[in-house]
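Here is a short report on a protein chain.

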Amino acid sequence: MAKKKSCNAYEEARKKRLQENLERFQELGIQKISKSLKESSSTKKSSSSRAKPKVETMFDVLELRRSSRARNHVPSYSDDVRPEDLQFFRRRYARKRPSNGINLASYEERCNALKAAEKLQKNLKPGHPSFVKSMVASHVSSCFWLGLPIKFCKDHLPRNDTKMVLEDKNGAEYDTIYIGSRTGLSGGWRGFALEHKLDDGDALVFELTKPTRFKVYIIKAFDNNVQE
């Protein structure tokens, strides 16, 4: 019984202290400050959680430019000599000079031959796929390997090794070996290159007249780009 009275007395004393402390806090204004801080914190959270407005980009505002010209449905196969490659040739071969019996073209001579070959290609009869190939030293001397545009090979040439016939402007035929896994001409190409005295910088137009036959047009980088 005495223990119960003691507990009640302790509880009453604790409540009394809490009440006194609360009155003191109210007198000091601490309760108002705490409430103000809570309201400020909740306001910041709500404002930061708002979705930011979407900023329109150039692609949202501008429409894609559409050309008024009709699309050309004829596949185009460009040569695998890139602009940066031509810059390399320009630095390395500023002037033509003999190397292993061939002439080395300058940057301007190479570009002129390419332009003339592309013009010739555009005037070919429709129906036969074609591409332009600019010669470099490895094509016409030493290793005599001629890599062809990969996309052209995938679209038009067999995947396996096969014999390809190269026909020049005079109708003379030259047998070469096409390596399907490497998309290029190997055996027989050397004879064609030597017979026509191909030089670095010459541009060739390959017209596929039959599944395994190319008609080859040669634009020389020298002699004022004379066609053979």
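Leu208 has Phe214 in strand 9 as its bridge partner. This is a predicted model, in which local features need pLDDT of at least 70, side-chain atom pairs count only at pLDDT 80 or more, and totals for chains, interfaces and linings use all residues. Residues are numbered from 1 along each chain as its sequence is written, and side-chain values use heavy atoms, with hydrogens and water left out.

Two strands pair if DSSP finds at least two bridges between them. Strands (E, at least two residues) and helices (H or I, at least four) are DSSP runs, numbered from the N terminus.

| Pair | Bridges | Direction |
|---|---|---|
| Strand 3 (residues 130-134) and strand 8 | five bridges | antiparallel |
| Strand 8 and strand 9 (residues 213-219) | seven bridges | antiparallel |

Ser134 is bridged to Ala203 in strand 8. A hairpin of two residues connects strand 8 to strand 9. Strand 8 spans residues 203-210, and six of its eight residues are buried. Buried means under 20% relative accessible area, exposed over 50%, and partly exposed in between (1.4 Å probe, protein chains only).

Which residues touch the most other members of the largest nonpolar core? They are Trp189 and Phe214, in a core of 26 residues. Helix 7 (150-156), strand 5, strand 6, helix 8 (189-195), strand 8 and strand 9 each supply at least two residues of this core. Apart from this core lies another, of 13 residues, including Leu114 and Ala203. A nonpolar core is a set of buried Ala, Val, Leu, Ile, Met, Phe, Trp, Tyr and Cys residues joined through side-chain atoms within 4.5 Å.

Beyond four places in sequence, Phe214 touches residues including Phe131, Phe152, Met164 and Leu208. Contact means heavy atoms within 4.5 Å.

Helix 5 covers residues 107-122. Its 16 residues reach 23 Å from first C-alpha to last, close to the 22 Å expected at 1.5 Å a residue. The expected span is 1.5 Å times one less than the number of residues. Among the buried residues of helix 5 are Tyr107, Cys111, Leu114 and Ala117.

Ala172 sits in the loop between strand 5 (162-167) and strand 6 (173-179). Ala172 is partly exposed, at 28% relative accessible area. Setting aside residues up to four places away in sequence, Ala172 touches Leu166 and Glu167.

Overall, the protein chain has eight helices and nine strands. Of its 228 residues, 33% are buried.
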